[in-house]
Amino acid sequence: MNLILLGAPGAGKGTQATGLSEILNIPHISTGEIFRDNIRRNTELGKLADTYISKGELVPDNVTVQIVKDRISQKDCSKGFILDGFPRTIAQAEMLEDILTTEGKSIDKVVNIVIDDEAVVKRLSNRIVCPSCGETYHLEFNPVEDNKCKKCGEQLVHRDDDKPDVIRNRIAAYHRQTEPLVEFYRGKGKLMNVLSESSIEESLQNTLYALGLKGI
Ligand SMILES: [Zn+2]
């Protein structure tokens, strides 16, 4: 099954994608995580991506599309994949259609995770991450002792793009650029809306239900 997850920053796309990836046994492709991994390793791609991401801006299409194209042509995507963070614009969605057509594939379903803006600001302001291994924590839902990573012991930090001003920029960018995708995929008969709940488990159940997979 080839899936796209849509939703504002902080709607829980990443955690849902991780859960779905385990249940469906298909890879979770997060363009944001690919960029952040490159930023941590200070690669050329990382340096380029950081100039945009640290300001809350989107990485240009030509960079992102090439990364997605390479990733979905890999063998582990033959039975399906979950795209998280891509496409973000109608232009990207159209490029994605072209890539998939060349590969003889298509998108099956698009899950739109619905959440209100205030809930996003609250949720993301409380998010802390490990700069070393990338693990995510939440001051309210998944707290840690001594502000140290449970996996590797590193001191946890707020991501630059989780600061309130940057969050508001990201939400505005989402409404402006990504929300038209909801209509784009609705028009193709592929869209499912699911509500983002405060509990990860409930959100995942909503998604499984929408995909007709309840009971797995
Ligand atoms: Zn860690």
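Buried residues make up 29% of the 216 residues in this protein. Buried here means 20 or more other C-beta atoms within 10 Å of a residue's own, with C-beta atoms placed from the backbone.

Two notes on the source. This is a predicted model: local features need pLDDT of at least 70, side-chain atom pairs count only at pLDDT 80 or more, and totals for chains, interfaces and linings use all residues. Residues are numbered from 1 along each chain as its sequence is written.

Overall shape next. The C-alpha trace spans about 50 × 40 × 35 Å along its principal axes. There are nine helices and seven strands. These are DSSP runs, numbered from the N terminus: H or I over at least four residues for helices, E over at least two for strands.

Helix α4, residues 61-72, packs against helix α5, residues 90-102, at an angle of about 30 degrees, and their axes are 11 Å apart. Axes are lines fitted to C-alpha atoms over the stretch in contact, and angles run from 0 to 180 degrees between N-to-C directions. Who meets whom? On α4, D61, T64, V65 and K69; on α5, A91, Q92, M95 and I99. Contact means C-beta atoms, placed from the backbone, within 7 Å.

Last, P9. P9 is in the loop between β1 (2-7) and α1 (13-24). Is P9 buried or exposed? Buried, because 24 other C-beta atoms lie within 10 Å. Setting aside neighbours within four places in sequence, P9 contacts V120, L124, R170, I171 and Y174. P9 and E103 are 94 residues apart in sequence and 29 Å apart in space, C-alpha to C-alpha.

Note on methods. A residue is buried if 20 or more other C-beta atoms lie within 10 Å of its own, exposed if 12 or fewer, and partly exposed in between; C-beta atoms are placed from the backbone. Two residues are in contact if their C-beta atoms, placed from the backbone, lie within 7 Å.
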